[in-house]
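Open the model in your viewer and keep the selection tool at hand. The stops below go from one side chain to the next, then to whole elements and a whole chain.

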Amino acid sequence: MKDRVLIANRGEIALRIMEACENLGLDYVVVYTPGDEQSLHVKLPQAKGKACFRIASYRDANDILAVADEAKCTAIHPGYGFFSEDFRFARRVVKRNNPLIFIGPRWEVIRDLGHKLNVKKLAHDLGIPVIPGTIIPLYNELEAEAKAEELFLWQEEQGIEPPRVLIKAAAGGGGMGIEEVDDLDMVRPVFRRIRSYAKRLFGDDGVVIEVFIRDYHHLEVQILGNQFGELVHFGTRNCTIQSIGRQKRIEIAPGFDPKYTDYPFDAQKVLDEIVKHSLKLASYVGYDSVGTWEWLVTRAGKPYLMEVNTRIQVENEISARISRIKGKEPNLIEEQIRAAFGERLGYTQQDISFKGTSIEFRLIAEDVKHGFKPLSGIINRFEFPSYEWLRVRTHVPQDEPYRIPTEFDPNLALGIVWGKDTFEAERRGFKFLEGTIIEGQTPKGEPLLTNIEYLKKKLPEILKFL
Amino acid sequence: MALDNRKINQLLQSFRANPYRIFVVVTPHTGYLREFLVKEGDEVKGPTGKWLEKLGTPLFILEREKNPKTIRAKASGIVSKVNYELEGRFVEAFEPVLEIKHSLTQKEIIAELLRKTLHIVTAPEKARYFLSPELAKKIEKEGEGKVVVKPGEELAIMSFMKRETPILHEGPPMVVFRVFFSQGQMIEQGEPLFGLCLENERPYVEKLISRVKEEWPA
């Protein structure tokens with residue numbers, strides 16, 4: 001039977017999955033919701049005569065599976081967001097009467113690594129450094145106070161001034177149910193408050209206490225595994241430049257570059273360490289897809305594992321841009337699909353080499369000066385330069401006005417530059433940003449703002465501890 | 001002044017000339033359209049009862065993931081068009097299936113009139129809207145058409161691109177006469193959210209409503 005992939009996503013990632021399918025000679029089917037008709041993720045496949053189905057929502061599992069059956073698909077690619085890290089969806093896809101291939105890790109892996117505290121416990125047991133604090137949820141006030149005291153003392157010993165802890169709901173996430181405490185006397189009242197909040201909101205009143213780390217870089221390790229236990233990495237990324245809502249704006253591969261800037265620690269040693277630890281956990285759980293291990297690295301060069309993202313990410317491509325498998329640049333989505341279809345890697349870590357620096361810019365319609373407020377409106381002009389070192393990933397058409405749908409984040413495009421070193425990549429980054437024009441208007445008739453100026457301002461800060 | 005007698009007369013006249021609306025019934029999601037349960041010319045009823053607990057007339061059966069679902073009429077009227085060719089086929093979400101010619105009710109005429117006569121607060125963006133919890137509580141206690149909002153008070157919460165923005169009342173204190181959306185409803189930009197009137201305009205609005213009630217008995 002000929003394989004056919006249902007692409008259960010929208011925007012640039014849907015387009016990247018289509019490209020990967022085409023490169024692998026796979027057929028594919030596209031879904032969309034009203035409001036996305038203008039998106040290139042619908043228009044391009046339509047023009048090629050590919051099946052495009054209108055569904056009720058990208059979060060409607062029944063619609064996605066009904067379309068998959070109707071279109072005789074054999075696999076589902078969830079992209080990122082939506083169902084990508086929903087183990088129940090992944091399980092349903094493979095266990096239903098008409099089972100399909102879920103392009104991602106086994107559902108058990110998604111379940112086990114999807115829970116932050118579980119990751120912390122697994123990592124702790126394997127001797128992988130995690131943020132100092134509790135590794136199981138606390139339910140008792142006295143225990144919480146004792147733990148907090150221990151963490152305050154630990155920080156004083158480390159010379160961290162002023163010492164602070166975070167008290168957060170174990171079941172929380174995305175900044176909900178989390179408070180900062182710098183006074184031991186406040187631990188009990190805050191613990192009680194968070195506990196009742198967690199009970200109300202998440203139905204589980206477990207609370208976690210950990211050291212509040214402020215001065216750090218956000219690093220990532222790109223992993224690829226498969227069902228045969230083959231496991232490789234594609235280096236590291238640095239995603240420290242983020243909006244106030246902790247959304248990434250600029251990503252760089254590799255994660256540190258001692259030739260570009262000085263570090264108060266042995267940067268290469270830290271990178272090697274986080275790669276080694278990430279592979280250890282991946283090997284332990286039998287990781288069988290592409291995945292990202294997220295780390296915090298403090299100014300003192302101490303790394304702590306934060307979480308695992310069991311999916312393809314927005315920024316995976318910068319890792320591919322600096323990697324060479326036997327001299328050839330990989331496509332990580334193709335590798336992910338091959339792993340899901342049960343193919344062997346055909347190479348080992350020794351065959352992978354790294355070359356140069358890659359930077360990704362996320363172009364977004366937002367008002368950076370007002371808390372990165374997302375904006376809607378119509379884009380009338382969208383132009384970017386063309387260079388062999390530049391790749392632009394976008395679903396926004398250039399030949400007609402485009403209305404930004406309001407149901408999703410207003411991400412417009414990804415600009416990915418490559419340079420033989422970080423200095424060249426940075427210069428090319430400026431060249432890309434200078435040459436990119438996005439014009440439009442908001443529903444009120446005001447000019448549409450984008451974050452291009454912000455990206456220019458932040459570009460000189462990459463990879464540096466300022 | 002939003003209340004213009006001439007405009008109101010024109011509106012009432014247009015309702016008299018054409019007291020119908022066409023409702024297009026679309027598929028709520030994908031699936032196989034197994035069977036039509038009505039034909040052109042049939043009379044159908046929308047949901048009735050105090051809490052709309054009595055379901056509308058069954059229109060067709062849509063089966064998805066082996067789960068047949070009866071799609072029912074949401075408005076009363078005469079089935080004016082049926083896309084028979086869809087029978088037995090797999091349909092996409094939001095596919096037009098049939099049309100219902102619906103005679104406007106007294107309540108609907110009042111609602112349309114109010115949309116055109118009151119001071120309207122429109123949706124600034126296409127987004128989901130939620131009535132402000134405090135306002136909702138007050139309306140529940142005092143009833144629609146009674147609660148006064150002061151400048152700066154929160155009318156609604158707009159949920160837009162994963163963020164929530166309050167919509168505040170601007171201008172003089174006004175009566176919240178009508179709320180035109182249900183909790184969490186997706187509203188197109190520019191569509192009405194609230195109909196407000198000044199305290200001294202309220203007698204006119206109430207008179208207008210009783211006039212409609214006389215002309216179009218329920």
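**Stop one: a buried arginine**

Select Arg338(A) and Glu335(A): their side chains are joined by a polar contact of 3.1 Å. A polar contact here is a pair of N or O atoms within 3.5 Å; within protein, one must be able to donate a hydrogen and the other to accept it, and residues adjacent in sequence count only if both atoms are side-chain atoms. This is a predicted model, in which local features need pLDDT of at least 70 and side-chain atom pairs count only at pLDDT 80 or more, while totals for chains, interfaces and linings use all residues. Residues are numbered from 1 along each chain as its sequence is written, chains are lettered from A and ligands numbered from 1 in the order in which they are written, and side-chain values use heavy atoms, with hydrogens and water left out.

Arg338(A) belongs to helix 11 (residues 332–340) of chain A. Helices (H or I, at least four residues) and strands (E, at least two) are DSSP runs, numbered from the N terminus. Is Arg338(A) buried or exposed? Its relative accessible area is 15%, so Arg338(A) is buried (buried means under 20% relative accessible area, exposed over 50%, partly exposed in between, with a 1.4 Å probe and protein chains only). Now show what surrounds Arg338(A): leaving aside neighbours within four places in sequence, it is in contact (heavy atoms within 4.5 Å) with Leu24(A), Glu343(A), Arg344(A), Leu345(A) and Tyr347(A).

**Stop two: a buried glutamate**

Move to Glu317(A), in helix 10 (residues 316–322) of chain A. Glu317(A) has 7% relative accessibility and therefore counts as buried. Its side chain makes a polar contact of 2.9 Å with the side chain of Arg393(A). With neighbours within four places in sequence left aside, the contacts of Glu317(A) are Arg16(A), Arg391(A), Arg393(A) and Ile416(A).

**Stop three: helix 2 of chain A**

Select residues 40–47 of chain A, which form helix 2, and colour its buried residues Leu40(A), His41(A), Val42(A) and Pro45(A). What covers these buried residues? The cover includes helix 1 (11–24), strand 2 (27–32), strand 3 (52–54) and strand 20 (390–394) of chain A. Just after helix 2 of chain A, look at Gly49(A), which has a positive phi of about 80°.

**Stop four: chain B**

Switch to chain B, which has four helices and 16 strands. Its C-alpha atoms fill a box of roughly 55 × 45 × 30 Å along the principal axes. Chain B has 218 residues, of which 40% count as buried.

Pick Glu43(B), in strand 3 (residues 43–44) of chain B. With a relative accessible area of 61%, Glu43(B) is exposed. Val79(B) is 36 residues away along the chain, yet the C-alpha atoms of Glu43(B) and Val79(B) are separated by 6.3 Å. Beyond its neighbours within four places in sequence, Glu43(B) is in contact with Gly77(B) and Ile78(B).

**Last stop: a helix pair**

Show helix 1 (residues 5–17) and helix 4 (residues 202–215) of chain B, which pack at an angle of about 25° with their axes 13 Å apart. Axes are lines fitted to C-alpha atoms, for helices over the stretch in contact, and angles run from 0 to 180 degrees between N-to-C directions. The contact is made by Ile8(B), Asn9(B), Leu12(B) and Arg16(B) of helix 1 of chain B and by Leu208(B), Arg211(B), Val212(B) and Glu215(B) of helix 4 of chain B.
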